[in-house]
Amino acid sequence: MKIKPGAPALLLSLALTTLTGCSTNDTSDSDDIPSAGTTTSLAAADTAEKVSSEIYDLIGIKGKASDTGPGVKECGDKDPEKYFQIFHKWSFSPASASQLSGVMERLNSELPEHGWKVVDHGPDTSKNQNVSLTADNDAKKHSVNIAHFAKRSSPKLSLMVVSGCYQVRDGQKVERF
């Protein structure tokens with residue numbers, strides 16, 4: 001399946017903007033990114049994978065998730081040796097394309113029952129009008145953007161989970177992967 005190069009960047013941008021609460025005029029203001037606590041990059045990546053796994057369970061249909069691991073990014077304009085965010089981009093392909101019918105509406109109603117606040121839901125501006133959903137979980141300090149590419153030859157969900165801003169303990173540095 002081909003993905004346009006701008007699609008992952010758009011999903012990351014949407015998820016980060018929602019999570020950070022940044023205005024469109026200044027998206028690098030790290031003061032608006034919620035603190036996610038103090039930990040190591042590897043422990044934070046494990047947390048992001050657990051959040052992704054919980055969302056996978058909420059999708060609730062048979063299929064296959066891509067086997068991609070989390071990554072580390074800088075946390076706005078904060079010291080990149082001490083502060084970081086974790087992102088986990090993955091996709092879900094159903095066993096049968098028809099299984100995705102209604103999944104976005106179901107996630108829109110079920111995510112709030114699991115601590116998520118849906119902050120955006122609806123079609124995007126593409127010619128296919130792909131349905132996307134963005135939600136924040138204040139308790140978990142994570143945000144997710146889910147896009148349903150229904151009109152592709154192989155329909156799928158594309159997901160981007162993004163953490164708040166973590167800090168490493170004194171004397172440690174951010175591990176990049």
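Student: How many bridges join strand 7 to strand 8, and how do these strands run?

Tutor: In this predicted model, strand 7 and strand 8 (residues 156–163) are antiparallel and are joined by eight bridges.

Student: Which residue of strand 7 is the bridge partner of L133?

Tutor: The partner of L133 is I146. Strand 6 (residues 131–137) runs antiparallel to strand 7, with seven bridges between them. Four residues separate strand 6 from strand 7 in a hairpin, and K141 in that turn has a positive phi of about 55°.

Student: Where do the side chains of a strand point, and are the faces of strand 7 covered or open?

Tutor: In a regular strand, side chains alternate between the two faces of the sheet. In strand 7, H142, V144, I146 and H148 lie on one side, S143, N145, A147 and F149 lie on the other, and all are buried. Strand 7 covers residues 142–149, and eight of its eight residues are buried.

Student: Why does S52 count as buried?

Tutor: A residue is buried when its relative accessible area is under 20%. S52 has 4% relative accessibility and therefore counts as buried. S52 belongs to helix 2 (residues 41–59).

Student: Which residues does S52 touch, leaving aside those up to four places away in sequence?

Tutor: S52 touches H88, W90 and V161. With W90, the side chain of S52 also makes a polar contact of 3.0 Å.

Conventions:
Residues numbered from 1 in each chain as written. Predicted model: local features only at pLDDT ≥ 70, side-chain atom pairs only at ≥ 80, totals over all residues. Heavy atoms only, no water. Buried < 20%, exposed > 50% of the residue type's maximum accessible area, 1.4 Å probe, protein only. Helix = DSSP H or I, 4+ residues; strand = E, 2+ residues; numbered from the N terminus. Pairing = 2+ DSSP bridges. Polar contact = N/O pair within 3.5 Å; in protein donor to acceptor, adjacent residues only side chain to side chain. Contact = heavy atoms within 4.5 Å.
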